[in-house]
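Here's a quick tour for anyone meeting this structure for the first time. Have a look at the picture, then read on.

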Amino acid sequence: MRFLYRPEVEAAAQKHSLDADLVQAVCMVESSGSTLAYRFEPAFWERYLRTNPLYSKANPRRVSASYGLMQVMFPTAVDNGMPIETPPELLYLAEFGLEWGCKILRECMYWAKQERSAALAAYNGGKTADNLPGVNPKRNQAYVDKV
């Protein structure tokens with residue numbers, strides 16, 4: 001099966017020194033390959049953003065959501081350098097979403113000292129003690145196995 005966004009995946013993966021097959025696998029698990037994939041995360045809003053001055057006046061369905069091929073969460077992209085004024089809907093655009101998704105995945109690879117399973121667990125569930133390199137199984141091992 002040909003992946004529609006393979007050229008964009010290869011370009012973003014190369015730019016961030018990632019394996020294009022890994023990035024494509026993340027895209028398939030996260031969004032089934034759809035640039036228009038969207039997931040509102042109300043528990044994330046309640047736990048982390050409701051009282052955060054950067055987000056407290058924002059629309060929860062916009063800022064506490066995952067967008068696009070790699071299901072990048074808007075606050076995660078902001079934490080990794082995307083200007084907060086950037087409309088989160090730009091993450092639907094394949095090249096833009098892949099850029100930020102690959103940047104975040106690359107940061108997870110550094111955090112995980114290049115251990116792929118720890119990096120994937122961190123990409124999906126955060127850089128937590130139960131996702132550290134050498135910890136097995138990971139808190140979200142099912143996600144890691146699926147990718």
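A residue counts as buried when its relative accessible area is under 20%, as exposed when that figure is over 50%, and as partly exposed in between. Keep in mind that what you're looking at is a predicted model.

**Aromatic rings**

With those cut-offs in hand, take Tyr67: its relative accessible area is 2%, so Tyr67 is buried. Tyr38 comes out at 32%, so Tyr38 is partly exposed. The two tyrosines form an edge-to-face aromatic pair, with 5.5 Å from centre to centre and 70 degrees between the planes. They bring distant parts of the chain together: Tyr38 sits in strand β1 (residues 38-40) and Tyr67 in strand β2 (residues 65-67), 29 residues apart.

How many aromatic pairs does a search of the whole structure find? The count is five. Another of them is Phe44 with Tyr48, a tilted pair with ring centres 4.8 Å apart and planes at 50 degrees. Both of these residues belong to helix α3, four residues apart, or about one turn of the helix.

| Residue | Relative accessibility | Class |
|---|---|---|
| Tyr38 | 32% | partly exposed |
| Tyr67 | 2% | buried |
| Phe44 | 22% | partly exposed |
| Tyr48 | 42% | partly exposed |

One more ring is worth a glance: Arg106 lies over the face of Tyr110, 5.0 Å from the ring centre.

**The largest pocket**

Now for the open space. The largest pocket has a volume of about 720 Å³. It is lined by 25 residues, and the closest to its centre are Phe44, Met73, Thr76, Asn124 and Gly126. Which elements give two or more residues to the lining? They are α3 (42-49), β3 (72-73), α5 (74-79), α6 (94-111) and α7 (116-125). Sorted by class, the lining holds 10 nonpolar, seven polar and eight charged residues.

**Helix α7**

Helix α7, one of the elements in that lining, also has a run of buried residues: Ala118, Ala119, Leu120, Ala121, Ala122 and Tyr123. What do they pack against? Their partners are α2 (20-31), β3, α6 and α8 (141-146). Just past the end of α7 comes Gly126, with a positive phi of about 95 degrees. You've met Gly126 already, among the residues closest to the centre of the largest pocket.

Definitions and conventions
Residues numbered from 1 in each chain as written. Predicted model: local features only at pLDDT ≥ 70, side-chain atom pairs only at ≥ 80, totals over all residues. Heavy atoms only, no water. 1 Å grid on protein atoms, 1.4 Å probe; cavity = no way out; pocket = protein on both sides within 12 Å on 5 of 7 lines; lining within 4 Å. Points joined across faces, edges and corners; volume = space filled by probe spheres on them. Nonpolar A, V, L, I, M, F, W, Y, C, P; charged D, E, K, R; others polar. Buried < 20%, exposed > 50% of the residue type's maximum accessible area, 1.4 Å probe, protein only. Contact = heavy atoms within 4.5 Å. Phe/Tyr/Trp six-rings, centres within 6.5 Å; stacked < 30°, edge-to-face > 60°. Lys NZ or Arg CZ within 6 Å of the ring centre and 35° of its normal.
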